[in-house]
Amino acid sequence: MHSKPVRPAKVKFFLRKQQSTDQQFRAVSISLAQRDIRGAVQSILSSCALSTQYVDNLATKNVSSKHKISIQDEKWDANLWEDTFRTVENTPPREDTLSDWVKRYSKDADERSKACQPVRDEISRLQEELCKKLQLKDLVWACGWGTSHFRGCLQSFQSLVTHHPEEMEILAGKTVIFGSESGVSLQGHVVLNSGEVRHNWLDVIRNLLRYEIPLKRVPALEKALSRSFCEIKVAQRLFRPELLAEAYESHLRMLTTSMGDYRARHQFPDEWPENMSDFHLVVEGEAGPLMLSPSGQFITPSSCPISLLVSFITANLQEARSRLDHYVADVKQEKALISECMQTFGLLSLDKDDNVTPSECSQCCRQLLKQIDYLRPFLQNGRIRITHYYSLLSDGEMCIPWNAK
């Protein structure tokens with residue numbers, strides 16, 4: 001090999017989630033910039049939540065230079081690489097139980113929560129002041145970033161209001177949401193990308209009337225698509241952040257055009273009822289899964305071939321009906337269990353991610369309530385978010401998976 005420096009590399013791949021019964025995968029991104037194989041292997045294993053015990057022990061054994069990557073000759077010991085991964089594969093990772101994890105991190109969570117209280121107080125003050133000054137219905141945080149980032153967005157927004165008061169008058173009576181995109185949502189809310197600068201927010205607000213034009217066309221497009229699908233109810237996904245009207249309009253037009261071409265040559269299957277108004281169809285981006293959601297909604301990308309969509313709906317009509325029937329009861333049960341957990345453990349908050357269904361949330365709440373006597377001392381005045389993973393956030397909120405053992 002030629003002698004030359006090794007450039008840092010970024011690698012992204014997917015790992016099958018452990019204990020997953022539906023073949024779910026999670027994305028893993030790794031930056032490889034280490035100068036030795038031990039550091040590179042440690043980085044890879046840590047990113048994949050795999051044991052680094054074997055590699056960590058190498059440091060105490062005075063590993064010879066032949067076991068390290070050389071920047072000059074770029075040579076390394078293949079046997080060490082193979083032995084390391086062979087050892088890792090044979091060492092199953094320790095799986096936390098819910099009680100173990102809560103006990104281990106409850107003290108840190110309490111300390112972080114108390115330390116972050118001044119930030120939360122300032123957020124409440126800024127929200128109240130801005131809503132009153134602009135006559136907003138609400139000012140909402142719908143982004144995955146932490147509490148400090150929310151405060152920063154509110155401070156930037158307050159500065160924007162101070163320097164451009166006239167442009168802000170158009171926001172009166174509206175809900176402003178800090179999210180991951182900018183535009184107007186299907187509910188008519190003003191969505192500002194929390195990762196953008198104030199100038200971009202100002203541009204959205206100045207052009208708000210233009211952003212609202214697609215929103216006015218959406219009802220007619222949904223009605224047209226519904227008619228072409230035997231009056232099926234065109235709805236929005238129940239577990240999804242705010243969807244922007246401009247993009248949604250484009251998706252509706254694409255699927256409606258495809259359906260028109262299909263209907264010119266084909267009839268719907270005999271298994272379909274004459275009226276499909278009891279079923280829900282959700283149209284999402286151009287690329288995405290064709291699936292039946294846990295709530296019983298048919299979810300399709302706008303680019304899906306109609307023949308494939310029709311076949312999928314036909315095969316899942318009974319299951320969709322069953323899930324729709326159970327959904328209302330699941331939501332009612334979820335609310336009752338959340339309220340019970342809040343009171344029983346004395347929680348300050350109990351929230352869930354958008355992709356956690358009511359039945360999954362209920363299962364997690366039951367698991368908490370089964371361990372009342374043990375968990376109550378650790379969860380008193382705590383903040384919990386039901387997700388798909390364990391994590392302790394910087395503001396003290398404890399994220400626990402809905403299927404925690």
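**Helix faces, cores and contacts in a predicted model**

Trainee: Which residues of α9 are buried?

Mentor: In this predicted model, the buried residues of α9 are A245, Y248, E249, H251, L252, L255, M259 and Y262. They cover an arc of only 165° around the axis, which puts them on the same side of α9.

Trainee: What do the buried residues of α9 pack against?

Mentor: Their partners are β5 (183-184), α8 (208-228), β7 (233-235), β8 (280-284), β10 (298-301) and α10 (306-315).

Trainee: How do you know that the span of α9 is close to the expected one?

Mentor: Helix α9 runs over residues 245-263, 19 residues in all. The expected span is 1.5 Å times one less than the number of residues. For α9 that comes to 27 Å, and the helix reaches 27 Å from its first C-alpha to its last. Helix α12 (residues 358-369) passes the corresponding check: it has 12 residues and reaches 16 Å, close to the 16 Å expected.

Trainee: Which residues of α12 are buried, and what covers them?

Mentor: P358, E360, C361, S362, C364, C365, L368 and L369 are the buried residues of α12. Their cover includes α4 (98-134), α11, β11 (349-352), α13 (372-379), β12 (383-387) and β14 (398-401).

Trainee: What makes the buried residues of α7 line one face of the helix?

Mentor: In α7 (residues 198-206), the residues W201, L202, V204 and I205 are buried. Seen down the axis of α7, they fall within an arc of 160°, so they line one face. They pack against α5 (147-163), α6 (165-168), β4 (175-179), β5, β6 (190-193) and α8.

Trainee: Which residues touch the most other members of the largest nonpolar core?

Mentor: F229 and W272 do, in a core of 31 residues. At least two residues each come from α8, α9, β8, α10 and α11 (317-345). The largest share, six residues, is supplied by α9.

Trainee: What is F229 in contact with?

Mentor: Neighbours within four places in sequence aside, F229 contacts M259, F268, W272, M276, L281, L309 and I313. A second, separate core has 28 residues, among them L126, W201, L202 and Y211. In soluble globular proteins, nonpolar side chains tend to be buried together.

Trainee: Why is K10 called exposed?

Mentor: The term applies over 50% relative accessible area. K10 has 77%, so K10 counts as exposed.

Trainee: Where is K10 found, and which residues does K10 touch?

Mentor: K10 is in strand β1 (residues 9-16). Leaving out residues up to four places away in sequence, K10 touches I30 and S31. K10 and I30 are 20 residues apart along the chain, yet their C-alpha atoms are separated by 5.7 Å.

Trainee: What lies 2.7 Å from a polar atom of the side chain of T344?

Mentor: The backbone oxygen of E340 lies at that distance. The cut-off for a polar contact is 3.5 Å, and 2.7 Å falls within it. T344 itself sits in helix α11. Beyond residues up to four places away in sequence, T344 touches L369, I372 and R376.

Trainee: How many helices and strands does the protein chain have?

Mentor: The chain has 13 helices and 14 strands. Of its 405 residues, 40% count as buried. The accessible surface comes to about 23000 Å², with 49% belonging to carbon and sulfur atoms. Among contacts with a separation of 6 or more, 64% join residues 24 or more positions apart.

Terms used:
Residues numbered from 1 in each chain as written. Predicted model: local features only at pLDDT ≥ 70, side-chain atom pairs only at ≥ 80, totals over all residues. Heavy atoms only, no water. Helix = DSSP H or I, 4+ residues; strand = E, 2+ residues; numbered from the N terminus. Buried < 20%, exposed > 50% of the residue type's maximum accessible area, 1.4 Å probe, protein only. Arc of directions from axis to C-beta. Contact = heavy atoms within 4.5 Å. Core = buried A, V, L, I, M, F, W, Y, C linked by side-chain atoms within 4.5 Å. Polar contact = N/O pair within 3.5 Å; in protein donor to acceptor, adjacent residues only side chain to side chain. Areas by Shrake-Rupley, 256 points an atom, 1.4 Å probe, with all protein chains shown as cover.
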